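Subject: Structure handover

Hi,

Here is the structure for you to look at. My notes on aromatic contacts follow below it.

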Amino acid sequence: MFGRANRSTHGRHVRLHYQDPRFAADYAQAYRSGPSERYFASRLYAVAETLRSFPSGDLLDVGCGPGMMVHYLLGNGDGEFRITACDQSAAMVDLAARGLRDDDQVRLHVADIGDLPFPRDSFDIVLAMGVLEYVDADRALHEIARVTKPGGFVVISMLNPLSPYRLFEWGVFWPSRRLLGRIEGLFGVPEERRHRADKSGIHALPAFRLVGRMRESGLRPHDVVYYDITALVPPLDRLIRPWLYRWRYAPERTVSRRSRRWLGTGYLVVAQLPAEARHSSVQLDEESLAERA
């Protein structure tokens, strides 16, 4: 795993990368096609199934990216959510705004999860999908707990670093591409034709650690769902998945809480902020946060 200084440096690099409108557009396209499509579709299914238990309320999608969940909630018709969405990338927020009508009444903000511009006790439901891997998780969870109403719910997704897929991808596949690129450089292969793999800035927590961090922030986790269940590893997934369509018609087969959960390349945790909780009891003072930075 990265040290804190390295995570911070890589995290800033990645966040700056997301500010590029071209990269933001490529990221949005990954939801619809390519090797990541199954992952995003499975995550969307897992989150949507979870939200069926919460038919209405003020909902915050923090780290909303290009707004896929926002548009899903507006178009699906399940629940009457009053939606607020934010992302630290203005390019992502611009993409999220596309296709929205005036009567959708979705509030969009450019904001960082470590310093959310909302009063405490603002939301019945807070979603944070694919964002904690790139930030200070303790500070982000503190902010999420602060803006959640007592009795409200939090849904957080995370890449699963203990899955066979992630272990092979991060421990073998990406390092092999970097090594191959360096060898190609020694043989004079033009840079644009070399294999490469940029540092991701990702620091993913196993489920038991994320659950522990959430408890420390005052949240009460009560469900863990693993998604994108697969036995394939890179690059086999890129070669085989385009020919496998069953998951499109049976997305429920891509999620698990039971024996197949260890094959999930990602997971989500559902938690509640206890109704009796006082935010003064869950706030971390600045000195404590600075010690964890």
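Y245 sits in a loop, the one between α9 (236–240) and α10 (246–249). Keep in mind that this is a predicted model. The relative accessibility of Y245 is 42%, so the residue counts as partly exposed; the exposed class would need over 50%. Y245 and R38 are 207 residues apart along the chain. Their C-alpha atoms are separated by 9.5 Å.

Now the aromatic pairs. I searched the whole structure, and six came up. Take Y39 and F40, one of the pairs. Their ring centres are 5.5 Å apart. The planes meet at 75°, so this pair is edge-to-face; the cut-off for that class is over 60 degrees. Y39 and F40 are both buried.

Y39 also pairs with Y227. Here the centres are 5.4 Å apart and the planes are at 55°, which is a tilted arrangement. This pair links distant parts of the chain. Y39 belongs to helix α3 (residues 37–51). Y227 belongs to strand β6 (residues 220–229).

Put together, Y39, F40 and Y227 make up one aromatic cluster. Y39 takes part in both pairs described here, with F40 and with Y227.

Best wishes

Key. Residues are numbered from 1 along each chain as its sequence is written. This is a predicted model: local features need pLDDT of at least 70, side-chain atom pairs count only at pLDDT 80 or more; totals for chains, interfaces and linings use all residues. Side-chain values use heavy atoms; hydrogens and water are left out. Rings of Phe, Tyr and Trp (its six-membered ring) pair if their centres lie within 6.5 Å; planes under 30 degrees apart count as stacked, over 60 as edge-to-face and the rest as tilted. Buried means under 20% relative accessible area, exposed over 50%, partly exposed in between (1.4 Å probe, protein chains only). Helices (H or I, at least four residues) and strands (E, at least two) are DSSP runs, numbered from the N terminus.
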